[in-house]
Amino acid sequence: MPDPEETCPARHCWVADAVDRHGAKRPGLLVEWRPGVTSWEGRVVYAARLRPDGWLLVEEWVPAALLTPA
């Protein structure tokens, strides 16, 4: 059973250069870090406008330079 005193690792963040390429930062949820080839990467979940009639949920590894704390 998880320790109730343990803090949740997920953090709110802003994702630049989102996969929908609209140029707007998207609000996201950072859930994990890993070392990348040249820098750290964060696994984020965010909504992106990938279809003309709606939004889809995206989960991807993003370079740390594209993530801003919310």
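Trainee: What does the pLDDT of the protein chain average?

Mentor: The average is 91. Of the residues, 93% score at least 70.

Trainee: Which element has the lowest mean pLDDT, and which the highest?

Mentor: Strand β3 has the lowest, with a mean of 94. Strand β1, residues 11-15, has the highest at 97.

Trainee: Why care about low values at all?

Mentor: Where pLDDT is low, the predicted coordinates should not be read in detail.

Trainee: On to the fold. What is the strand order in the sheet?

Mentor: The order is β4-β3-β2-β1-β5. That makes an open sheet of five strands with antiparallel pairing.

Trainee: Which strands sit at the edges?

Mentor: β4 and β5 do, and each pairs on one side only. β5 covers residues 67-69. From one strand to the next, the twist averages 45 degrees.

Trainee: How many bridges join β2 to β3?

Mentor: Seven, and the two strands run antiparallel. β2 spans residues 26-35 and β3 spans residues 40-51. Together they form a hairpin, with four residues between them.

Trainee: And how many join β3 to β4?

Mentor: Nine, again with antiparallel strands. β4 takes in residues 54-63. This pair is a hairpin too, joined through two residues.

Trainee: Let's switch to side chains. How many salt bridges does the structure hold?

Mentor: Five. One of them pairs Arg 34 with Glu 41, with the closest N and O atoms 2.6 Å apart.

Trainee: Where is Glu 41 placed?

Mentor: Glu 41 is in strand β3. Arg 34 stands opposite Glu 41 in the strand pairing too. The two side chains also show up as a polar contact of 2.6 Å.

Trainee: What else does Glu 41 touch?

Mentor: Leaving out residues up to four places away in sequence, its contacts include Glu 32, Trp 33 and Gly 36. Trp 61, Val 62, Pro 63 and Ala 64 are also among them.

Trainee: Which residue does Arg 43 meet in a salt bridge?

Mentor: Glu 32, at 2.9 Å from N to O. The pair links distant parts of the chain: Arg 43 lies in strand β3 and Glu 32 in strand β2, 11 residues apart.

Trainee: How accessible are Arg 43 and Glu 32?

Mentor: Arg 43 has 24% relative accessibility, so it counts as partly exposed. Glu 32 is at 34%, so partly exposed as well. Salt bridges with shared partners join Glu 32, Arg 43 and Glu 59 into one network.

Trainee: Which residue forms a salt bridge with Asp 17?

Mentor: Arg 21 does, with the closest N and O atoms 2.5 Å apart. Arg 21 is exposed, because its relative accessible area is 58% and the cut-off is over 50%. Asp 17 reaches 48%, so Asp 17 is partly exposed.

Trainee: Last topic. Where is Lys 25 found?

Mentor: Lys 25 is in the loop between β1 and β2. Lys 25 is partly exposed, with a relative accessible area of 45%.

Trainee: What does Lys 25 touch?

Mentor: Not counting residues up to four places away in sequence, Lys 25 touches Trp 14, Val 15, Ala 16 and Thr 68.

Trainee: And how far apart are Lys 25 and Cys 13?

Mentor: They are 9.6 Å apart in space, C-alpha to C-alpha, and 12 residues apart in sequence.

Note on methods
Residues numbered from 1 in each chain as written. Predicted model: local features only at pLDDT ≥ 70, side-chain atom pairs only at ≥ 80, totals over all residues. Heavy atoms only, no water. Pairing = 2+ DSSP bridges. pLDDT = per-residue confidence, 0-100. Polar contact = N/O pair within 3.5 Å; in protein donor to acceptor, adjacent residues only side chain to side chain. Contact = heavy atoms within 4.5 Å. Axes fitted to C-alpha atoms, helices over the stretch in contact; angles between N-to-C directions. Buried < 20%, exposed > 50% of the residue type's maximum accessible area, 1.4 Å probe, protein only. Salt bridge = Lys/Arg side-chain N within 4 Å of Asp/Glu carboxyl O.
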